[in-house]
Amino acid sequence: WHVLVNNAGIIGPGERRLTVDGFEQTFAVNHLAPFLLTRLLGDLLPSGARVVTVSSDAHRAMRRGMEFDNLQGERRYKPFLAYSQSKLANVLFTYELARRLAAEGVMATCLHPGVVRTGIWQEAGGVLGWLGRLGQGLMISSEKGGSYVARLAANPALEAATARYYCCDREVHSSPASHDTKAAARLWQESEGMVRPFGLER
């Protein structure tokens, strides 16, 4: 199997924080990092390879789509806004990647693995963090969430699945905003500009 799983993710604290490279950390970890890694590995993904990106149903909160004038919380910052926008970016990136790699036979899908009991909630700020920590007992285990990721990565029955969104083990429709092809192309272009200093060629 040739599989790339983009699974790193955070929910930011109550205040806006920047990485050492000057990016808002939620956007950097949840979107820019997997975008850059996938692009750098692009030539190593043969026909039949799969790229699985872990998103979240939180992307549905961005009903009006990406806030391109506030991609990194420059104008206003709230932890859930930053998280939701980064998760919408995951879906837009997946669909755009699927379009761009269709001719090479590379599959790109994304999923919401459920609300998983991980350390992500320990660093979350505001009401979101409080609710996350309070609801730990209602969340699924990391093993269960991981099984849904593994299914997309390795199930032979899904070898032709691409540009799709799953909730746990079911294919579902992602939000209307996630199907905005112009927004996906713009996000791709802007993301390339941000990460180009880190070795990405056009």
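Helices (H or I, at least four residues) and strands (E, at least two) are DSSP runs, numbered from the N terminus. The model is predicted, so local features need pLDDT of at least 70 and side-chain atom pairs count only at pLDDT 80 or more, while totals for chains, interfaces and linings use all residues. Residues are numbered from 1 along each chain as its sequence is written, and side-chain values use heavy atoms, with hydrogens and water left out.

**View 1. The largest nonpolar core.** A nonpolar core is a set of buried Ala, Val, Leu, Ile, Met, Phe, Trp, Tyr and Cys residues joined through side-chain atoms within 4.5 Å; buried means under 20% relative accessible area, exposed over 50%, and partly exposed in between (1.4 Å probe, protein chains only). The largest such core comprises 32 residues, and Met66, Leu97 and Leu187 have the most contacts inside it. At least two of its residues come from each of helix H1 (25-40), helix H2 (79-101) and helix H6 (181-195). The greatest contribution, eight residues, is made by H2.

**View 2. The surroundings of Leu187.** Leaving aside residues up to four places away in sequence, Leu187 touches Phe27, His31, Met66, Phe68, Ala89 and Leu92 (contact: heavy atoms within 4.5 Å).

View 3. Most residues other than glycine have a negative phi. Ala163, in the loop between helix H5 (142-154) and strand E4 (164-167), has a positive phi of about 55°. Ala163 is partly exposed, because its relative accessibility is 35%. Cys168 lies in the loop between E4 and strand E5 (170-172), and its phi is also positive, near 60°. With a relative accessible area of 19%, Cys168 is buried.
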